[in-house]
Amino acid sequence: MSVNTSVVQTKLPAIFIGHGSPMNAIEDNPYTQKWEHLGKTLPRPTAILVISAHWYTRGTAITSMLKPKTIHDFGGFPEELYQVEYPAPGSPELAQQVADLLSPEPVYLDTQEWGLDHGTWEILVRMYPKADIPVVQLSIDATKPMAWHHELGRKLSVLREHGVLIMGSGNIVHNLRAMNWQNAQAEPYPWAISFEQFVYDNLQSRELPHPLTNGLEREDGKLSNPSPEHYLPILPILGTWDGKEKISIPIEGIVSGSLSMMSIQIG
């Protein structure tokens, strides 16, 4: 399916979603209700570009197939979750556009290996249940420094003017070992609260390098993110900010003490 690349009247927002458990694909809760609300109230995209925590690679790759498969990249969940399919079309045209924007950085155009992982489809199945908008996934390059990921957003930001919804999917606080699995309402750890506050306080920073590119060097950042992949998707989203647009927090909450569901909307 091709994507209309003409400039649209409404510049699309960019958004970071705290995706949490894969069960959000099938459960009704305050977070999934807000995802559904976003899908109904955001301007309708011509296409969606997702940077998911669950495609963490050496080098940069992008899905470039016409029909990306639904990847059930988890274990130990109810059978109902494995039956969920999200048959959205892909867009080789958008994939090539992204590769061109990131040039001379090499971008691998993936035509068969990956697809849509749960960091993408568990959100989109609630936001756009008809699966009728082309979706492309861009991997997170584990070999690049934090500031590179922020700069990535600046390079991609022009896509917002062509109707593309740029979405990061991860969690600002993602410490599964520290989670209280028996109590979703457990009191958040002090370090989880302080790191969320650090992120909130620096969302509108114009400093370069952006303060959030150093977030995981803080003690509360290390505790909140023992590994970086769930934190990284926020950086390109902030990189799309033009310095003037409104930045809002459409969703808040910390689940089981150490899993932040905070979402950030640019524009």
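I am working from a predicted model, where local features need pLDDT of at least 70, side-chain atom pairs count only at pLDDT 80 or more, and totals for chains, interfaces and linings use all residues. Residues are numbered from 1 along each chain as its sequence is written, and side-chain values use heavy atoms, with hydrogens and water left out.

**Rings.** I paired rings of Phe, Tyr and Trp (its six-membered ring) with centres within 6.5 Å, calling planes under 30 degrees apart stacked, over 60 edge-to-face and the rest tilted. That rule gives seven aromatic pairs. One of them is Phe74 with Phe77, edge-to-face at 5.4 Å centre to centre, with 75 degrees between the planes.

**Charge over a ring.** I found Arg218 over the face of Phe198, 4.1 Å from the ring centre. The test asks for NZ of Lys or CZ of Arg within 6 Å of the ring centre and within 35 degrees of the ring normal.

**Pockets.** I took a pocket as an open set of points on a 1 Å grid where a 1.4 Å probe fits, with protein on both sides within 12 Å along at least five of seven lines; lining residues have an atom within 4 Å of a point. The largest pocket is lined by 31 residues, and Gly20, Ser21, Met179, Val255 and Leu259 lie nearest its centre. For the second largest pocket I noted 15 lining residues, with His150, Arg206, Glu207, Leu208 and His210 closest to the centre.
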